[in-house]
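Subject: Structure handover

Hello,

Here is the structure for you to look over. My notes follow below it.

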Amino acid sequence: MALPEVICVRDVEKYAIAHLNKNALGYYDSGADDEETLNDNINACKKLRLRPRMLVDVTKVDCSTTILGQKISFPVGIAPSAMQRMAHPDGEIATVKAADSLKTCMTLSTLSTTSMESVAEASPNTLRWFQLYVVKDREITRQFVKRAEMSGYKALVLTVDAPVLGNRRIDVRNRFHLPPHLSLGNFEKVTLHIEKNKKSDSELSRYFVSEMDASLTWKDITWLKSITSLPVIVKGILTAEDAEMAVRVGVEGIWVSNHGGRQLDGVPTAIEALPEIVKAVNNRAEIYADGGFRTGTDVFKAIALGARAVFVGRPILWGLVYNGQKGVEKVLQLLQQEFHRTMQLSGCVSIKDIKSSLITYASSYSKL
């Protein structure tokens, strides 16, 4: 049966929601507690208005930029999303190949259903980052770091907003589980302190949750930097105070994120937190953002506020459901086309032209 035509990310999302099973859809689409932050993520960009400039020659527009010195074709990368083979049999392999096709960056989740080595082998020339948790058993973390280095990943993205797992009610109600035909690929080569005959994937998932380290502090980032030559990016920063701490411990990147609304409900969105973080960092580290970005115009607004690039998670999963690698490519192409058009209609011919003067808050017009 022919796939329906899709002309925006929302179309892809609607298709995915209609075709995913309850277990996978609940896991991918849910947020914490009342899901206020989940919904805020989607709506936050609408609070900003564009202030386009006219009579600029936009015949030729260059959307490319760099992240940690590596060129990407436009400022949208792929955020880490766990267990992608629940969305499509090719999972993370399809995603990394799509990233290669669009010449952008893929961030692989620790909890991927394909090992970091297999992803690297499938697309060795793709710009790949590895998302990392520092767990109680530091030897597990050390093993992940060394494997990422050996497999050609170019940065470590340390998630810092998960000392414990957020309360995702839908997963509780659905009794979420990894389907028995799938496995947590990155754990296949890890020596775990559990009995070999109890190493089922559901038990590995529970073991990993039990290993989440509530004692993690800034000194652990110093430790992480001491065991790797890779750049370290901290993901989950929402305040100027934490951004300043991140710079002090020497991270190369700050990823503004509320974990897709899946951890603490009631926190600011990335687009709301960006201004204070950009001001605090003052160009001492690169800044990225994720959470609720669904159009090229959303991306443009984040770049105008000081983000180096935006990363998308759920739209990639929807693309996988829609049509595997081709579906992910379609999502990225739609965002690229929309971003390119927004640049033209705003009077920008390169990324450096996207300045904060091109946006304002909708509330600034309320007195008119």
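Thr 269 sits in the loop between β9 (253-256) and α11 (270-281); helices (H or I, at least four residues) and strands (E, at least two) are DSSP runs, numbered from the N terminus. The model is predicted: local features need pLDDT of at least 70, side-chain atom pairs count only at pLDDT 80 or more, and totals for chains, interfaces and linings use all residues. Residues are numbered from 1 along each chain as its sequence is written, and side-chain values use heavy atoms, without hydrogens and water.

Thr 269 has 1% relative accessibility, so Thr 269 counts as buried (under 20% relative accessible area, 1.4 Å probe, protein chains only). Beyond four places in sequence, Thr 269 touches Asp 40, Asn 41, Ala 44 and Asn 258 (contact: heavy atoms within 4.5 Å).

His 259 lies in the loop between β9 and α11. An unreviewed UniProt entry annotates His 259 as "active site"; such annotations may be inferred rather than shown by experiment. His 259 is buried too, at 13% relative accessibility. Leaving aside neighbours within four places in sequence, His 259 contacts Tyr 133, Thr 159, Asp 161 and Arg 168.

Of its 48 lining residues, the closest to the centre are Tyr 27, Ala 82, Arg 168, His 259 and Arg 262. α8 gives the most to this lining, with five residues.

Best wishes

Methods
Buried < 20%, exposed > 50% of the residue type's maximum accessible area, 1.4 Å probe, protein only. 1 Å grid on protein atoms, 1.4 Å probe; cavity = no way out; pocket = protein on both sides within 12 Å on 5 of 7 lines; lining within 4 Å.
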